[in-house]
Amino acid sequence: MKRYSDHIRPEGVFDVIVIGGGISGAALAYEAATRGLRVVLFEKGDFSEATSAASSKLIHGGLRYLSNMEYGLVRESLRERRTMENIAPNFVYPCPILFPHYRSQIKSNKWLLKIGLTLYDLLAFDKGRTWDAAKKIPNHTTLSPDAALQRQPVLKREGLTGASLFYDCLNIFPERLALAFIKSAMAHGAEIANYAKVIGFLFDKKNGTVQGVTVKDRIHDMVHEILAAVTINCAGPWADSVLAMTGRQTSDRPLKRSEGIHIITKPLIEDNAVVSAITPNGRHCFLIPWRGHTLIGTTDQAYHGDPDDYRVTRASIEGLIAEVNASFSGLAIAYEDVRHCYGGLRPLVEDQTEETYTSSRKYEIYDNARDGLNGLLTVEGGKWTTSRHLAENVVDRLKDKIDHPIRPSLSNRTYLAGSEIKDITAFMDRVKTEYGDFPEETRIYLAQIYGTAVDDILALARKHPSLADPLNDAGDILAQAVYAARHEMALTLKDIVLRRTGIATLGNPGEAVLRKVAETVAGDLGWDEDRINREIEATLADLQIPVD
């Protein structure tokens with residue numbers, strides 16, 4: 001992966017500039033590149049470092065959206081769930097979800113849920129048409145109270161009338177899945193740069209059409225002017241801030257921001273199923289088994305400040321803990337049990353409701369020509385599951401804005417880069433057999449998050465045995481850090497330990513581990529001792545559990 005800002009050449013005009021390197025921007029760059037467009041993407045920080053990283057690690061149809069009668073959104077999500085299973089088989093896996101029913105809660109009434117889940121199954125009528133039989137998802141089933149408690153003893157017993165067991169999908173490493181879209185875009189000719197901040201727009205002096213952007217390369221402290229036929233704003237919670245740089249009056253349609261946080265604790269549940277419940281205030285919460293720990297989420301509260309100032313707070317964590325403790329039996333989670341926390345802001349475009357929890361997760365593609373800004377589109381809202389289809393719809397909208405033909409979409413029938421795996425079971429078995437000199441946790445984990453590139457990682461570790469050193473109990477090794485620095489556009493220690501590897505995704509691995517990683521990649525990244533210390537300090541600060 002060669003960073004575009006390191007080799008910018010003044011050679012004509014791009015078809016498309018994409019602003020934002022989260023999953024929406026990454027999917028859009030991939031979609032446009034595969035359809036014959038010349039694309040460049042700029043991300044002001046690292047890829048998928050904000051909203052896209054703050055996910056619940058699920059690829060799901062949105063069962064709760066049925067209560068809003070958003071049947072089209074649910075159908076689209078269920079279809080795209082299957083597409084993600086197909087094109088990214090090493091990242092996306094069917095996952096059972098246990099949802100208990102209680103007499104006292106209308107939202108968990110077993111008969112209402114039965115109707116909803118039956119409709120969910122019907123809307124997912126093609127869920128068995130997966131490329132790999134291992135990815136097929138069964139219909140829901142109903143459990144008795146005793147069977148539900150046997151499977152998940154953390155369920156509250158009082159008023160329990162049974163449980164429903166249904167399936168969605170687990171996205172085991174969202175940041176790396178987004179990176180797979182980036183790599184796929186680059187494989188089709190897209191130019192990509194992280195740490196490249198758009199700081200302004202370029203206009204045609206005659207008619208005011210947006211002609212491109214001014215970009216500041218934050219690594220080399222240089223400014224470039226980049227031209228394109230169309231510029232697409234995929235900045236998520238920063239979309240309105242990007243529009244403000246035009247200096248024009250834009251639509252008064254509101255962009256709301258909703259905070260969602262997650263915490264990670266020791267294992268709290270007894271099998272591989274997600275367990276969900278309705279909180280006392282009527283929202284959903286869940287416990288997800290993830291890398292030998294429990295991922296707990298999520299909140300959904302309005303955020304009114306500058307998105308650049310957003311941070312997870314102690315109050316938000318304590319609020320989530322209180323809700324979850326009240327929703328299950330015997331958990332007694334304390335603040336000290338939190339090993340890691342993360343959060344982000346979801347962009348919401350619906351203005352019919354004051355409550356962010358009930359706002360739609362639909363997306364909108366807004367042509368800013370309505371505001372006199374020809375050549376600029378803004379993408380707002382959306383969710384992980386529908387990101388690929390969103391990108392397809394955006395490119396379809398470009399047919400009257402690009403002066404040459406646009407090819408038909410192929411992204412729903414093509415594997416992502418590194419995910420070209422027809423039989424995931426056979427692939428995993430092959431990795432387990434060929435690399436018996438590595439711990440089982442390492443073989444399984446690396447095969448999942450690197451796909452076909454796992455051979456490169458493990459070959460590097462075999463060639464340099466010091467790089468095979470385990471860094472935690474979950475499977476990470478030092479070779480991953482070297483690979484990230486050399487081949488995956490990782491430019492900071494946080495990029496490496498949070499978004500290219502899982503070294504710090506379970507919490508602070510300790511200063512000794514961080515120093516080991518930093519010193520190992522220092523040669524590749526040109527870091528001196530002072531830079532190493534600054535990288536460690538910044539990473540430790542980012543991983544600290546909030547004290548206020």
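**Helix H13 and its surroundings**

Author: In this predicted model, the start of H13 has a side-chain oxygen of threonine 492 that reaches to within 3.4 Å of the backbone nitrogen of lysine 494.

Reader: And how many of the residues of helix H13 are buried?

Author: Seven of the eight residues of H13, which spans residues 493-500, are buried, so the helix is largely enclosed by the rest of the structure. The buried ones are Leu493, Asp495, Ile496, Val497, Leu498, Arg499 and Arg500.

Reader: Stepping back, what does the secondary structure of the chain come to?

Author: The protein chain has 15 helices and 18 strands. Its radius of gyration is 23 Å, close to the 24 Å that the globule rule gives for 548 residues, so the chain is as compact as a globular protein of that length. Along the principal axes, the C-alpha atoms fill a box of roughly 70 × 55 × 50 Å.

Reader: What share of the contacts comes from residues 24 or more positions apart?

Author: Such pairs account for 72% of the contacts with a separation of 6 or more, and 60% of the 548 residues count as buried.

Reader: How far apart are the mean positions of the positive and negative charges?

Author: The mean positions of the 65 positive and 72 negative charges are 4 Å apart.

Reader: Switching to proline 96, is that residue buried or exposed?

Author: Proline 96, which lies in strand S4 (residues 92-102), counts as buried because its relative accessibility is 7%, below the 20% cut-off. Leaving aside residues up to four places away in sequence, proline 96 touches Arg151, Leu165, Phe166, Tyr167, Asn272, Ala273 and Val274.

Reader: Now the backbone: what is the peptide bond from glycine 297 to threonine 298, cis or trans?

Author: That bond is cis, with omega near -15°, and threonine 298 lies in the loop between strand S14 (293-297) and strand S15 (301-303).

Reader: Where are serine 48 and lysine 57 found, and what is phi there?

Author: Serine 48 is in the loop between strand S2 (39-42) and strand S3 (58-59), and lysine 57 also lies in the loop between S2 and S3. Phi of serine 48 is near 60°, a positive value in a residue other than glycine, and phi of lysine 57 is likewise near 60°. Serine 48 is buried, with a relative accessible area of 2%, while lysine 57 counts as buried at 4% relative accessibility.

Terms used. Residues are numbered from 1 along each chain as its sequence is written. This is a predicted model: local features need pLDDT of at least 70, side-chain atom pairs count only at pLDDT 80 or more; totals for chains, interfaces and linings use all residues. Side-chain values use heavy atoms; hydrogens and water are left out. Helices (H or I, at least four residues) and strands (E, at least two) are DSSP runs, numbered from the N terminus. The radius of gyration is taken over C-alpha atoms; the globule rule is 2.2 Å times the number of residues to the power 0.38. Buried means under 20% relative accessible area, exposed over 50%, partly exposed in between (1.4 Å probe, protein chains only). Contact means heavy atoms within 4.5 Å. Lys and Arg count as positive and Asp and Glu as negative; His and the chain ends are not counted. The place of a charge is taken as NZ of Lys, CZ of Arg, CG of Asp or CD of Glu. A polar contact is a pair of N or O atoms within 3.5 Å; within protein, one must be able to donate a hydrogen and the other to accept it, and residues adjacent in sequence count only if both atoms are side-chain atoms.
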